[in-house]
Structures are given as C-alpha cells and as structure tokens.
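Visitor: I'd like to go through the charged pairs in a structure. Can you put one up?

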Amino acid sequence: MLFWSFSGNFTQMNAPQITNIQYPLMAQDMQRVIAHLQKGPATTGEIIRALRLTVIRVNRLLVELREQGSIYRSSYKTSERGDVVNVWACTGKDSEQLTE
C-alpha cells in the first residue's frame with residue numbers, strides 16, 4: 001500500500017495483520033470464510049449466501065485473506081447474468097488452526 005509522506009514522496013508500508021485482539025469480529029468472520037472454503041471453492045456470491053454477510057463485508061474479508069496468503073483465486077466462472085466472477089479457494093495453511 002502506498003502512502004504520501006511528509007517528505008513529498010510515496011512510501012511503501014505493509015498493512016498490519018488482523019488479530020483477534022484488534023478486531024474480534026473481523027477475525028471471527030475471516031475464520032468463517034476459511035472454514036467455508038475448506039469445504040470447496042466458492043464464488044463471492046456463494047460465500048455471501050452461505051454465511052449471510054453483506055457484499056462489502058465479504059469483499060473486505062476476501063481482500064484481507066488474499067493478502068495474508070490464506071486464500072487464492074483458483075479460477076473464473078460465468079454467472080447467470082453472464083459476468084465473469086472469481087472462484088476462491090483455501091490455500092490450506094490455516095487448516096491446522098480450525099481443527100484444534
């Protein structure tokens with residue numbers, strides 16, 4: 001992520017990891033998305049319907065999880081309206097956390 005610094009230049013800053021302490025609801029919803037994707041790949045719409053979350057919330061969660069390397073875009077799919085949508089899948093690195 002680029003930020004404007006006081007020196008007049010753009011600087012690169014790493015986004016902080018979401019932790020249970022900082023944002024407990026965000027961390028809980030991230031775990032729900034990962035648990036859903038461990039059952040199999042899904043589109044954003046499928047995740048929204050399964051977890052009963054808003055579009056904005058799910059999109060934010062997917063961005064965070066992708067940046068952390070917990071999920072990846074496995075393929076593309078054509079929706080009923082003819083739009084091309086992403087199909088998301090779990091990388092598997094968080095599998096151990098959910099089974100404990």
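Visitor: Is Arg-81 buried or exposed?
Guide: This is a predicted model, and in it Arg-81 counts as exposed, because its relative accessibility is 73% and the cut-off for exposed is over 50%.

Visitor: Which side chain does Arg-81 meet in a salt bridge?
Guide: That of Asp-83, at 2.7 Å from N to O. Asp-83 is partly exposed, with a relative accessible area of 32%.

Visitor: Why do such side chains pair at all?
Guide: Side chains of opposite charge can pair when their charged atoms come close.

Visitor: How many salt bridges are in the whole structure?
Guide: A search finds 5. One of them joins Asp-29 and Arg-57 through their side chains, at 2.8 Å from N to O. Asp-29 lies in helix H1 and Arg-57 in helix H3, so this pair ties together parts 28 residues apart in sequence.

Visitor: And Asp-29, buried or exposed?
Guide: Buried, at 9% relative accessibility.

Visitor: Which residues are joined with Asp-29 into one network?
Guide: Arg-32 and Arg-57, through salt bridges that share partners.

Visitor: New topic: Lys-77. What does Lys-77 form a salt bridge with?
Guide: With Glu-46; their closest N and O atoms are 3.2 Å apart. Lys-77 sits in strand S4 and Glu-46 in helix H2, so the pair links parts that are 31 residues apart in sequence.

Visitor: How accessible is Lys-77?
Guide: Lys-77 is partly exposed, with a relative accessible area of 40%. Glu-46 is also partly exposed, at 28%.

Terms used: Residues numbered from 1 in each chain as written. Predicted model: local features only at pLDDT ≥ 70, side-chain atom pairs only at ≥ 80, totals over all residues. Heavy atoms only, no water. Salt bridge = Lys/Arg side-chain N within 4 Å of Asp/Glu carboxyl O. Helix = DSSP H or I, 4+ residues; strand = E, 2+ residues; numbered from the N terminus. Buried < 20%, exposed > 50% of the residue type's maximum accessible area, 1.4 Å probe, protein only.
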